[in-house]
Amino acid sequence: MKVEITINGEDHVHDVEPRTLLVHLIRDVVGLTGTHIGCETSLCGACTVVLNGEAVKSCTILAVQADGQEVTTIEGLANDGELHPVQEGFWECHGLQCGFCTPGMILSATQLLERNRKPTEAEIRKGIEGNLCRCTGYQHIIDAVQYAAKKMRA
Amino acid sequence: MPVSKSVGARIKRREDPRLIQGLATYVDDIQMPGMCYVTFVRSPYAHAIIKSIDASAATDLEGVVAVITGEDVKDVGGVPCAATDFPNVQVPHHPVLATGKVRFVGEPVAAIVATKRYTAHDAVDLVEVDYDPLEAVASGEAALKDDAVKIHDTDTNLAFTWDLEGGDVEGALKSADRVVKERFVHQRLAPNPIEPRGVAADYNAGDDQLTLWSSTQIPHILRTQIGLMLGIPENRVRVIAPEVGGGFGCKLNVYAEEAVLGFLARKLRRPVKWMEGRRESFLHTIHGRDQVGDVEVAVQNDGTITALKYTVVADMGAYYQLLSPAIPTLTGLMLCGCYRFKNVAMHLRAAFTNKMATDAYRGAGRPEATYMVERIVDCVADELGVDPLEIRRKNFIANDAFPYETGTGLAYDSGNYTGALDKALKMADYDGLRKKQAEMREQGRYLGIGLSTYAEICGMGPSTAMPAGGWESGTVRVDPTGKVTVLTGIKPHGQGQETTFAQLIADGLGVEVDDVKILHGDTDTVQYGTGTFGSRGTAVGGTAMIMAMEKVKAKVKRIAAHLLEANADDIELKDNRYIVRGHPEQGVSLTDVSLHSHRGINLPPDTEPGLAEAHFFEPTNFTFPFGTHIAVVEIDANTGEIDIQRYVAVDDVGNIINPMIVEGQIHGGIAQGLGQALYEEVIYDESGQMMTGSFMDYALPKAHNFPRFELDNTVTPSPVNPMGVKGVGEAGTIGSTPAIVNAVVDALKPFGVRNIDMPLRPEKLWRLMNGGASS
């Protein structure tokens, strides 16, 4: 089936099997490998992308469901080489270790901050519960999101 | 405080720009022209005879390139185990694809190669395997009963035995004022790095060269083993561990899939790739723990513990993986914890069961020791009616007793156990907490305070004490223009050594952190190495690099002295310049020296041109980090839910190179330790079926499960290496599990609770608080 998707501002037209998952279109067809696959069941959040402004798990969405829509992946978050405040926060606060959950975690956190400019620590912890991290114990991730929130409010 | 310009500073990680922008390359990101995808057909039975395999429908599927079974790989060597020197040992052949029989759910039976990812998955269902199911045994203790079904074609499921004895345990037990006993279950855990395992392989027939990309912690060991398994010269194998998305010990191994992918790439002369799914990860990536042990301690009325005896059954699973048998022996070595137990014994029986192998998972044997010791100390306090703090103080190894030889024959390098304890008590306001607890109990509320004063064994390790070499290698290379490249035999996968090693080099050689590049994980680039595990990366790998750097520095000083017409002994490094002592105006930079050395003329006599040195570092001992963790919990009597109100951790990991990275390691370690205490458990039912094969059924901790961890540290340098570091990878995991369980048991004391098996699910607690039986 023909699928037309805008990814990070670029238009892509591909002919894919109807059962192709969005994450496989992004990774294997388009070649943007920053979006990761950790569980294939929507539980770990490594595959999180932003679809029409909403953070979704791309491992359980068909590519055809994203037809005609806009996707932002981790590769599209920085603006002209300038890191997004959430990316910057993760770097500043050591919000990552192995980095595998990080793209999804960053995109979830970005959406959280778009919905709530000044989240409490509890709101951040709840807000990222759909993304699993095995390395950090989450504390530096919380710090990173708070750093970004402050920066985005400034 | 920085101890110098870079070392000791909170420097942002140099790994991060690629990771936060999606620019890193993990195994699944590798694409090659003509690459095929591999999937595995796995056993749905825990124990069965394979009567026949019909792969014709799969082979006929369009896009399927090949289907192979055990028959096709019968010449491939078995999955290796490096630790088999034990009494009464059985070492069963561990085929890369099952032949004749399957012995656990998830065991690979056939491999499919297809041109497309989805086709390879479709074909799995088309391979018809006719099984004749057999009775299965799914617990270590059950497997050791005489009438248990036998897993290998022998008359016992006993895998091996191991006994450790120091002092006179039986005598001390006989003469004790009392003997305190308890049984502890260390449940089976799944490591679950968020990146599952994955392998890609490519064979270049022209060069007779096999390249294997694997998400591994041990690229060099893997290369040696793949060469042996496939029967090809080691120098015809190149292993690349690209970006690795977490390991926690489960990627410290050699797996069947790695050999099969190498075999397929050579046979088909096409690049191939396999990525493990999460379900496969639960089934066929090693598990951790799975020990059941009975402990007895001899106690005097004043609280002195004079002996400890631990009788354990360890569940190996159906086959050994690389280090399976060695793991419970690490439990044995750490039986003393941070205490003066001179009479200690461990009697271990290891059993084969119809389950996946157990092996090294973060802590690897030491969490079991620490949990058992820290829990039994609390039980002793309970029986004597004293605060658990008193028993700890009474039995601590004294601060002036280091180096200290333990009852298990180890020499603890350095320690200050009361220092960490006192600091943690103060941070937590221990006395205040006890008062609050008493007040809350009056109100019918259940506050619990749990202590864990742990010591652990890290920096692995001396080669004499390891199943294979315990040394590490480092090469320091200065480019002609003065930039530095380091080759290290370790394989960081989240630990941040691209940053901390650069900090050490920057200070040591007089360059900026950004002038240093750390290379690792490619066996064609880096000299041999041992890898990243056992909290050894910096303590052993870092030391190898430092030693190599010192050799470079000595040469730089010789050349600088020659250029400055001074004596090499008078050259010192100041503000990134090599100056003549007392004459800062007379100096040269590393770039000046390196350019000169690479130009190759006018060098001091007997000096080789170029500027690179290597060092293979053999540590003389392990290192022994320690600390005190304090957990404060409140249990809701209506729901059994645990509210972790505070978590205080004071860890001593020796000198600290980058405090931010050390905090991150401790945080992550605590989270995994709490995961064991509260949430995680791999469950096989009696027939050996995996009941927890997804994140729906196996609870990995989430962000909202934890409070903010309150951290501090004491610094007791290790004398084992010149940096005085001890290692920090596993401390948090080892220290945290007993703290939280002690806190919960403490909270439930009014209900007569003395022990609860992990994980501490709310239902268990609710039952205990509402008249149910203890689990």
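The model is predicted: local features need pLDDT of at least 70 and side-chain atom pairs count only at pLDDT 80 or more, whereas totals for chains, interfaces and linings use all residues. Residues are numbered from 1 along each chain as its sequence is written, and chains are lettered from A and ligands numbered from 1 in the order in which they are written.

**Stop 1: chain A**

Select chain A and display its secondary structure. Chain A contains 5 helices and 5 strands; helices (H or I, at least four residues) and strands (E, at least two) are DSSP runs, numbered from the N terminus. Read from the N terminus, the order of elements in chain A is β-β-α-β-β-β-α-α-α-α. The C-alpha trace of chain A spans about 45 × 30 × 25 Å along its principal axes. Of the 154 residues in chain A, 58% are buried, meaning that 20 or more other C-beta atoms, placed from the backbone, lie within 10 Å of the residue's own.

**Stop 2: the two domains of chain A**

Next, colour residues 2-76 of chain A as domain 1 and residues 85-153 as domain 2; these bounds come from an automatic or database domain assignment. The C-alpha centres of the two domains are 21 Å apart. Their contact takes 13 residues from domain 1 of chain A and 12 residues from domain 2 of chain A, where contact requires C-beta atoms, placed from the backbone, within 7 Å. Now select residues 48-51 of chain A: this is strand 3, which gives the most to the side of domain 1 that touches domain 2, with 3 residues.

**Stop 3: chain B**

Move to chain B, which has 19 helices and 28 strands. Its C-alpha atoms fill a box of roughly 85 × 70 × 45 Å, taken along the principal axes. Buried residues account for 58% of the 775 residues in chain B. Among contacts in chain B between residues at least 6 apart in sequence, 80% join residues at least 24 apart.

**Stop 4: where the chains meet**

Finally, show both chains together. Here 43 residues of chain B are in contact with 46 residues of chain A. On chain B, select helix 1 (16-20), helix 3 (117-124) and helix 17 (659-678), each of which supplies at least two residues of the side that touches chain A. Helix 17 of chain B provides the largest share of that side, 7 residues.

Key. Two residues are in contact if their C-beta atoms, placed from the backbone, lie within 7 Å. A residue is buried if 20 or more other C-beta atoms lie within 10 Å of its own, exposed if 12 or fewer, and partly exposed in between; C-beta atoms are placed from the backbone.
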